[in-house]
Amino acid sequence: MDNLFLASVGSFALLLGFLLSAYATIAGIIAQRSNNNTLAESVKGASIAIAVTTTIAVVIMEVFLISGQFAIAYVAHYTSSDLPLFYRFSALWAGNEGSLLLWAWVLSLYSLAIALNNIVPKIKPIALTILNINNLFFLFILSFVSKPFVILNPAPVEGNGLNPLLQNPGMVIHPIAVYLGYVGFAVPFAFAMAAVLAKYPGDEWIKVTRRWTVLAWLFLSIGNLTGMEWAYVELGWGGYWAWDPVENASFMPWLTGSAFLHSVMVQERKDMLKVWNIFLISITYVLTLFGTFLTRSGILSSVHAFADQGLGRYFLVFTVLALFSSLYLLVDRLSFLKEGKEFESVISKESSFLLNNLLLVGAAFATFWGTTFPLFSELFTGEKVTVGAPFFNTVNMPIFLAFILLMGVCPLIAWRKASINHIVRNFAIPLVIALAITVYLIIIGIQKPWAIASYFINSFVLLTTLYEIFKGVKTRTKLTGENFVKALVNLFVKNRRRYGGYIIHIGLVLIAIGITGSSLYDVEKNITLNINDKVTVKNYTLVFKGLRETKLKNVDAVIADLDVYIGNKYLTHLTPSKNFYPNEPNPTSEVAIKGSLKEDLYVVLAGWENQDTAIFKIKVNPLIAWIWIGGYFLIFGTLFALWPGKGADSGPKVIPATSLAKEA
């Protein structure tokens, strides 16, 4: 089967998917207006067919990538003969056309899952129509604007190869996780809009789509974490988060999605915040579209962005339409979304959840403003003024610390109205221990105000969470006679949603501890060394032993040899390098890291003057390992809460351990 035929099949599959999406959208609208069940059933069939056609297109593209068919322009641009199979496969999401194909495929599979499940049957057809409108947009782009199956004539004998920065395992996971997160938010958004359109009362759509929301949030979390890890080990600047526009683009929906996951608990339990929840999920999905617009429009410079191919205006129009149509619906249905109950006290769980929400949305707005400020400054002054990391850190740090503090307080105060005795009983012991820890840290040299505030708050929240778990286990042992370990396991297993949330909170605290240490107490030295020269950075002494050239698979590398000592004791040998790829004009840095739970020694070969003289960037990043460990906690806690079975749905209505103790 020749390439031309297969490429034609791929293009036809996408065009057919576009036509099916158009049919499904129109038929879905008519079926709703006329109550035509036969037509509604045909929409389900069309959704299945869309998933099949996009799957065919993806399979064909993967065949081209893996077999190295350079007659296909996309394959020639992003692969080469010497590229490992692993990266040929992942080249699907290395460029604009492939990543949009991946997006459309994932969206079609999500739509298929909704079509095949009998969930919230009264509004599901409307939700499916909204998903098909999204399918229609992406398949229009792939069929007419950014075509993946363009044929080159004559075909080149060799491809350009994959960008060396993308040849990292983190870059295999990061993009696909971000896409799964972005697209995943389309499902709760579609059901929210469907509930509003149909004036469907109650919170059934929230209960049904909660797992979809958590799953999307999990994927976006994994995407952000793997992106941070990739930046740390691959970009060679010594950090993991630069407040880059594209980083911010995936961080903003994570913030509003986090707010939504908390506020829906208030609606489930107290029949409140209906308008707020519709707003949150709408703005979360719109932010995923906005992030895609930023990545592909070329309006802001970023190491993560794709080249501008004229896609920006299409995504801008679609994003604006999604924003204003959802806001119009929200305003038009305000009377329908009348709140069931009102706040009874400022000191209550629902009030603390709302404050938590406001902080998360405030952080998202601050990030949005800083990200888009260059656009506004250019619009009004003609000069593009970029806002740097100091702005984001200054604005967001107090917001995040307040959010973490509430993260420890919210779960343990009562619904409706909390008493002073209840607050003292829950927080006195963790507060005293956290103060003691903070005093100790000050004595051993932690003097920076933000570090003191961060370590106090994080200690308090960690201790509060552990203390609540301890009280729950203690109560259970009294009530059931189980030993401590069995009571601990059963407590978690029978309340997956609640205690999965606690594990996530512990993970976020560990991440915050790692960020505080690595951002406020990092040490950096840039230095030129001759052979056998020594340099001391913090407790480490590095001895430069020379440069050597070598061939590593498909690259030529210049490697520096360094012996590392602590005092007079030999610790390790580090080999930072510069790699030269055949089709790349500039070499890439391969950093050398000696890591521990306490700190990372991070060495970059910045350049060289001759065979015996090299230039290094050396950093010591304290506590950075806790960022990754916290990330693993967050992922495990989310999976634990999501895992089906007894206790998976018993979140907000679980009786707090303190109440159990009181009853006992």
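**View 1. Secondary structure and overall size of the protein.** In this predicted model, the protein has 20 helices and ten strands, taken as DSSP runs numbered from the N terminus (helices are H or I with at least four residues, strands are E with at least two). The radius of gyration of the protein is 27 Å, close to the 26 Å that the globule rule gives for 664 residues, so the protein is as compact as a globular protein of that length. Here the radius is taken over C-alpha atoms, and the rule is 2.2 Å times the number of residues to the power 0.38. The C-alpha trace spans about 75 × 70 × 60 Å along its principal axes.

**View 2. Burial and contacts across the chain.** Of the 664 residues, 56% count as buried, meaning under 20% relative accessible area with a 1.4 Å probe, protein chains only. If you look at contacts between residues at least 6 apart in sequence, 72% join residues at least 24 apart; a contact means heavy atoms within 4.5 Å.

**View 3. A closer look at Ser282.** You will find Ser282 in helix α11, which covers residues 274-297. Ser282 is buried, with a relative accessible area of 3%. Leaving aside residues up to four places away in sequence, Ser282 touches Phe189, Met193 and Ser326.

**Notes on the views.** Residues are numbered from 1 along each chain as its sequence is written, and side-chain values use heavy atoms, leaving out hydrogens and water. Local features need pLDDT of at least 70 and side-chain atom pairs count only at pLDDT 80 or more, whereas totals for chains, interfaces and linings use all residues.

Technical notes
Buried < 20%, exposed > 50% of the residue type's maximum accessible area, 1.4 Å probe, protein only.
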